[in-house]
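Here are my notes for your read-through. Keep the viewer open and check each point as you go.

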Amino acid sequence: MINFLQYMFFYIIFSLPLTLSYRTTKVINFVHANFITYGAYVAVFLHGMFGNTSILLAAIIAFLIVGSMAVLDNLLVFTPLQKRGSSPAMIMISSMGLWIAYRYILYMLTDIAHFYISKNFVSYGRITYADVPSITLGGVTLSQSFIAGMIAATIVILAIYLFLEKTRIGRAMRAISDNEVLAGISGIPKDILINLTWFICGGIVAIGGVLWTSFSGAITPEAGDSMILQVFTIGFIGGLVSLWRTGVGAIIISAMENIGIAFLNAFLGVPVSFRPFLTFATLITTLVLFPPLGAGGGLPYRFRKRRLLK
Amino acid sequence: MAHVGSSTVPLPSIRKRPFSIKLIVMILIPLIIGVALGYGIAFATMGGGGVTTIPSEKTVYKIGFTLPLTGELSSIGKIWEKVVSLAMEDLNNEVASYGFNVEFNAVVLDDATSDEKALQNVQSLSQQGIRVIIGPAASSQVKVVKTYADNNKIVVISPSSTSPTLAIPNDFIFRTVGSDAGQARALSTLAYQEGARKPVVFFRNDEYGNAFAEFLEQNFREKGVTISKLSYQTGLSDYASEVATLASKVQSEGADSVILIAFDTDGANILSHAAESEILSKVRWFISEGPHGASELLAPAVGKFASKVKLYGTRPLFIANPLYEDFKTRMKEKFGIEPAVFCDNLYDAIKLAGWAILRAGSYDGEAIKNTLPEVAKTHYGPSGWAMFDAAGDKAQQDYGVWAIVSTTEGYQFKDVGVFERGSVVFTEQSYP
Amino acid sequence: MIGFDVVGFLISWLTLFGIYSILAITLNVESGISGITNFGKVVFYGIGAYVSATLTTYLILMLNGIDVNKTPPYNINGVILLGELGNKNPFLNIGLFILAVVLSFVVAGLIGYLLTYPILRVGPEFVGFTLLSSGELLRIFLTHYEPVGASRGLMAIPNPFGWVPDSRIRETLYLILVLSFLALTYFVMKKLVNSPFGRVLKATRDDETAALCMGKHVPRTKATVLSIGSGFSGVAGVLLSYYFTSVNPNMFVPAVTFNAWAMIILGGLGNIVGSLLGAAIITFVDRALTFIIPLLGTTIISPDYLRGLLVGLLIVVVLLVNPKGLLPEKPIETPASKEVEKELSEKGR
């Protein structure tokens with residue numbers, strides 16, 4: 001049960017930025033996995049090389065570094081490709097190339113760090129932070145990562161909501177995601193805003209990565225990769241455009257993964273190793289039953305079974 | 001954007017700048033550096049082919065390596081890389097001290113813990129003329145590599161593959177590590193001796209885990225104990241929900257112990273989560289060799305958990321082996337890391353490879369395949385006696401018991417016992 | 001770099017190139033020309049590989065009178081038996097191979113057909129993701145399914161040319177086999193595309209609604225393309241399983257599909273020759289780098305990391321230089337259009 005909530009926090013922090021970045025920039029970004037990993041590794045390096053135990057400091061630095069990474073990607077790769085008329089599929093593949101490249105860069109960085117500090121960074125243990133408490137309520141211990149996750153997720157949700165609803169910049173961002181051409185015509189500086197979107201999205205995910213270091217027992221340069229499928233699944237439930245549906249998706253998937261598999265195991269004897277199966281089965285079911293409006297869909301009228309006009 | 005007041009409004013067109021200078025510079029520089037380094041060193045070393053004989057100079061033999069430097073086994077793979085450089089140095093010194101005018105060079109490739117890349121590496125290495133390859137680490141990789149090695153007469157020595165389905169005689173695959181059947185016996189004896197009567201075996205749903213769990217089941221049945229099995233999917237990012245299921249299983253069955261069969265990253269992850277579970281902190285824990293040596297287990301969260309549950313693990317080890325102690329000290333001095341599991345098996349594999357090549361007198365795969373078991377018969381190294389059995393696997397493998405103890409420098413791995421003549425003897429008391 | 005085995009390099013490179021090209025070509029036809037963003041290519045690949053592996057290992061044991069319930073091919077005794085019996089009877093090996101190819105084509109094609117149903121209702125990104133998930137579903141299922149070896153997979157799969165004594169000849173024969181299948185796939189796909197049917201495919205990709213208005217049965221078109229493409233991918237899987245002589249579920253991960261996508265985008269979406277080019281580049285670069293990298297010696301950084309980095313950067317750079325891929329999409333050349341062109345060029349003189 002606790003795990004369900006814990007995972008919910010993580011998934012929210014990881015997937016909301018994905019939806020936000022896609023709907024504003026229309027780029028399916030595989031580097032998202034690296035955002036998670038790099039965020040985690042900022043915390044790891046700070047801890048391993050400088051002995052930092054403040055989660056807040058790690059979060060801030062991670063936000064800045066990974067955010068800038070995201071902007072850099074956009075400036076050097078995505079925007080030039082878009083200007084030259086690349087299709088979204090091409091841009092997606094270029095993000096895949098970046099994903100591979102970033103992974104190896106991180107391996108190289110761990111090598112360099114090892115040379116200086118003689119610690120194996122390729123696999124790093126859980127970090128216990130000094131500035132987040134671990135509370136015990138009525139016999140149930142809420143770990144550090146739970147508290148931090150809860151706070152962070154709440155802040156993120158509130159921040160995104162307030163930003164998009166109340167501020168001018170936020171509304172401008174929504175304008176771009178709804179209709180790019182009109183937004184441009186009405187005087188919104190598209191390029192600056194898109195860069196800002198990348199910065200924010202990369203940054204938020206990085207914070208998630210930092211939190212991940214206090215939860216997982218083993219951080220490797222491929223940590224983000226194993227999660228990327230689930231994060232994308234959640235994004236897809238939201239149609240990659242609706243933030244509400246994404247949030248709901250996070251809750252559903254977290255529930256399936258934690259509570260669902262426990263039920264199935266206890267009552268039907270389904271092996272626990274079927275867990276990833278469940279995630280995908282949920283996705284397919286959701287897509288079939290409630291096709292999202294986001295990225296197009298729906299069977300052509302001629303081939304639908306039920307017709308309204310007979 | 002249209003400017004108000006200008007007569008001609010240039011239509012926004014896609015400005016075709018042929019190249020972006022910034023970008024080219026950013027991309028080309030690492031490429032140029034890489035290629036330049038490559039050529040520079042190529043000219044300098046005059047390498048090529050597996051053997052080069054320069055008159056009145058040393059004969060250079062190349063030994064190929066395919067290690068998991070990225071991917072699931074990368075944390076161990078990185079440590080192995082260091083072992084390789086230590087072992088090659090030792091080998092060259094030893095060989096020189098016997099008066100041979102020979103030098104061995106290592107060619108190391110990363111196989112990303114993937115089957116296909118392992119095959120690709122073996123193919124590339126053999127096409128560069130190399131006839132002896134050390135690695136790959138995982139049994140599934142060895143399986144893919146086997147046919148090519150057998151067909152092209154390449155000797156492959158794996159220091160860590162323990163699948164029972166590879167115990168095939170008369171092939172070119174050798175393994176300097178004993179089968180897990182032996183370790184399962186040690187682990188089950190350890191658990192039984194420590195009082196486990198209702199264990200739950202929590203294991204990886206892959207070949208290693210499945211085979212191990214089966215052996216455990218058999219061993220425990222001989223002792224009259226029925227075990228409970230729970231497997232988990234490998235390669236996931238996090239195992240919190242699996243651990244939760246484990247906890248409820250432990251509770252519902254009233255189990256008194258958990259036996260964990262894992263690798264390092266998943267093992268560390270699982271232990272970290274178990275540390276937070278009330279239920280799981282009340283039972284005894286026993287582990288296989290996978291997580292040994294992984295620094296993540298030395299994090300305070302896990303260390304405390306270890307003492308609470310009196311965690312013991314088994315691993316292949318020749319106890320009271322002065323060569324092993326020596327090896328350990330030198331690794332610590334040179335690289336600042338403790339040798340992890342299979343490092344000793346790897347070290348011996350390298351030594352064996354070198355001596356087998358020398359004994360064969362020529363760099364020929366078939367010849368080396370025949371001399372390797374001969375050399376192994378009289379070789380004693382950090383992993384003990386290197387002798388092979390009929391199937392080309394390590395004949396005598398002892399097992400040791402390890403624990404995570406608290407020292408002045410934080411938590412450390414410590415070997416605290418041996419598995420001897422069917423029972424476990426502790427050499428020191430690690431948990432008060 | 002004297003003293004390296006060029007022939008061996010070419011054989012091992014071209015065999016894998018051949019197998020991947022089949023995947024790339026079919027993917028290009030499905031996604032580049034018909035607009036079905038197939039991210040589940042590995043499903044059909046895996047099915048083909050497993051069908052052939054299971055069929056061959058079980059049949060060889062059974063035809064030699066061995067009780068497969070006692071010694072299934074995935075335990076050690078079965079493996080040793082397979083090793084001994086596998087290369088005795090050339091006709092048996094080749095016969096089983098042909099049977100495996102046919103069966104895999106049918107099964108993979110059928111699954112392709114069935115998978116068209118869930119994807120008709122959703123847009124392109126979702127098609128991709130649904131197919132991707134089915135890939136993962138298959139993999140997890142295989143990891144649990146005991147008769148195909150579960151997590152151990154199957155090994156010692158007898159190669160159709162296993163009875164040939166010389167290994168170099170054996171490898172070359174296998175390479176010729178792979179390349180023949182590649183040629184077959186190429187010509188079939190080319191015929192498929194350069195025909196009125198090909199025009200319907202492009203129409204479906206460009207504007208489904210318009211195609212519907214013109215009376216084209218879009219779902220049936222998609223189903224046809226997906227099943228044929230999947231059938232050929234299954235054949236590629238067969239070739240892989242015989243080449244590796246072992247299969248296990250972890251070989252069939254989404255990364256394989258991503259690899260194929262990278263190949264077709266590099267080479268140019270919509271251009272079949274382009275997929276060959278893309279496959280060639282990607283398989284070549286990774287392999288060639290394994291020759292150069294060791295020359296860098298050991299430094300602080302494992303030099304092999306450069307290999308991965310360069311492959312990733314290569315993809316990005318090629319895309320930046322040629323955003324539409326290396327080769328452009330060609331117009332459809334049916335016999336009729338060729339006649340028209342001839343007429344026009346003659347009239348022009």
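1. Helices (H or I, at least four residues) and strands (E, at least two) are DSSP runs, numbered from the N terminus. With that, chain A reads α-α-α-α-β-β-α-α-α-α-α-α-α along its sequence, so to speak: 11 helices and 2 strands.

2. A quick word on the source: this is a predicted model, where local features need pLDDT of at least 70 and side-chain atom pairs count only at pLDDT 80 or more, while totals for chains, interfaces and linings use all residues. Residues are numbered from 1 along each chain as its sequence is written, and chains are lettered from A and ligands numbered from 1 in the order in which they are written.

3. Now look at helix α7 of chain C, residues 196–206. Its buried residues (20 or more other C-beta atoms, placed from the backbone, within 10 Å of their own) are C:Gly198, C:Val200, C:Leu201 and C:Thr204. They fall within an arc of 155° seen down the axis (taking directions from the axis to the C-beta atoms), so they line one face of α7(C). C:Pro196 and C:Asp206, on the other side, are exposed (12 or fewer such atoms).

4. Over in chain B there's an open sheet of 8 strands with mixed pairing, ordered β8-β7-β9-β10-β11-β14-β15-β16; two strands pair if DSSP finds at least two bridges between them. β8 (228–232) and β16 (423–426) of chain B each have a single partner strand, so one side of each lacks a neighbour in the sheet.

5. Zoom in on β7(B) and β9(B): they run parallel, joined by 5 bridges. B:Phe203 has B:Ile261 in β9(B) as its bridge partner.
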